[in-house]
Amino acid sequence: MPHDHHDNHLDPMDARVRALETILTTKGLIDPAAVDAIVETYAERVGPQNGAAVVARAWTDPEFADWLTRDATAAVASMGFTGRQGEHMRAVFNTPGLHHVIVCTLCSCYPWSLLGLPPVWYKSPPYRSRVVIEPRAVLAEFGLVLPEETQIRVWDSTAELRYLVVPMRPEGTEGWSAEALAELVTRESMIGTGIARAPEGVA
Amino acid sequence: MSTPDTPFGGAFQAPWQAQLFGLTVALSDAGVFSWPLWTEALGAKIAEGFDYWDAWLMALEAMLAERGLALPDEVTALAHRWEDAAHATPHGQPIRLENASQLG
């Protein structure tokens with residue numbers, strides 16, 4: 001056979017995943033359409049915009065902020081964000097004296113319903129191990145240098161309990177709508193490896 | 001450490017990883033295993049030092065083998081047929097298992 005054609009080469013991992021899917025589909029344990037829908041949901045539709053809406057609402061609605069503090073699971077569910085696996089949510093609020101960071105030291109537990117799926121670095125061994133031991137140095141590598149007097153608290157997520165960091169509201173945003181504020185809430189600010197963006201024109 | 005995100009929503013570096021993720025969530029949804037049990041299995045493989053998605057695949061295969069739902073030999077044989085099917089499929093067309101030679 002001539003070799004000028006383009007053979008498809010399947011990565012061995014890809015082939016094993018396809019084999020698993022074939023076996024499980026044949027046994028009626030999964031429906032390939034449901035698998036595709038899950039991927040589409042988490043890879044494309046659910047993302048940090050959900051968490052940003054929660055944070056912006058907490059910044060503008062004190063009653064909601066109070067609810068979020070007491071029962072984050074119910075508060076975010078009221079906005080339509082519920083965990084697929086029945087996990088509980090806890091919101092931790094940054095203050096000038098205390099900065100929160102989330103991690104999953106075991107694997108990659110993360111508040112999917114609010115932030116989508118975790119970025120690659122969140123799952124990396126250096127982040128998972130080092131942020132617990134030397135959070136200040138790790139945050140500096142993300143470009144976040146906190147004042148010496150600010151304490152850092154690291155929260156270890158699990159399958160049952162996942163955290164959302166509520167960053168501090170940026171200065172110079174008095175009177176802003178929740179929609180406008182949500183634009184300032186980055187994914188990193190809700191993990192704690194960053195802070196909310198400053199509005200344009202404010203140093 | 002703050003490496004830029006890749007396509008696939010920043011969560012996946014290849015389509016098979018997304019597929020593997022979807023498969024695992026679907027199995028948990030179907031009640032084959034609970035998510036806490038899953039994270040325990042995944043965490044144990046990660047702790048052995050494997051790369052994240054390699055660990056994920058190994059953990060899932062082990063969970064399925066333990067339950068007699070997909071045995072390693074069966075997976076390997078079928079994976080070879082998928083590789084075979086890929087070779088037999090012209091570039092640009094979807095790979096179908098039927099395209100594999102019947103010898104595999």
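With which residue does A:Glu87 form a salt bridge? In this predicted model, where local features need pLDDT of at least 70, side-chain atom pairs count only at pLDDT 80 or more and totals for chains, interfaces and linings use all residues, the partner of A:Glu87 is A:Arg162, with the closest N and O atoms 3.8 Å apart. Residues are numbered from 1 along each chain as its sequence is written, chains are lettered from A and ligands numbered from 1 in the order in which they are written, and side-chain values use heavy atoms, with hydrogens and water left out.

A salt bridge is taken as a side-chain nitrogen of Lys or Arg within 4 Å of a carboxyl oxygen of Asp or Glu, and the structure holds 12 of them over all chains. With buried meaning under 20% relative accessible area, exposed over 50% and partly exposed in between (1.4 Å probe, protein chains only), A:Glu87 is buried at 7% and A:Arg162 is buried at 0%.

A:Arg162 also lies over the face of A:Trp112, at 5.5 Å from the ring centre, where the criterion is that NZ of Lys or CZ of Arg is within 6 Å of the ring centre and within 35 degrees of the ring normal. A:Trp112 in turn belongs to a cluster linked by ring pairs, which includes A:Tyr42, B:Phe21, B:Tyr52 and B:Trp53.

Over all chains, the structure holds 21 aromatic pairs, defined for rings of Phe, Tyr and Trp (its six-membered ring) with centres within 6.5 Å, and counted as stacked for planes under 30 degrees apart, edge-to-face over 60 and tilted for the rest. The rings of A:Tyr42 and B:Phe21 have centres 5.9 Å apart and planes at 85 degrees, so this pair is edge-to-face; because A:Tyr42 lies in helix H2 (residues 32-45) of chain A and B:Phe21 in helix H1 (residues 15-29) of chain B, the pair joins two chains. A:Tyr42 is buried, with a relative accessible area of 8%, and B:Phe21 is buried at 2%. B:Tyr52 and B:Trp53 also form an edge-to-face pair, 5.0 Å centre to centre with 90 degrees between the planes.

Note on methods. Helices (H or I, at least four residues) and strands (E, at least two) are DSSP runs, numbered from the N terminus.
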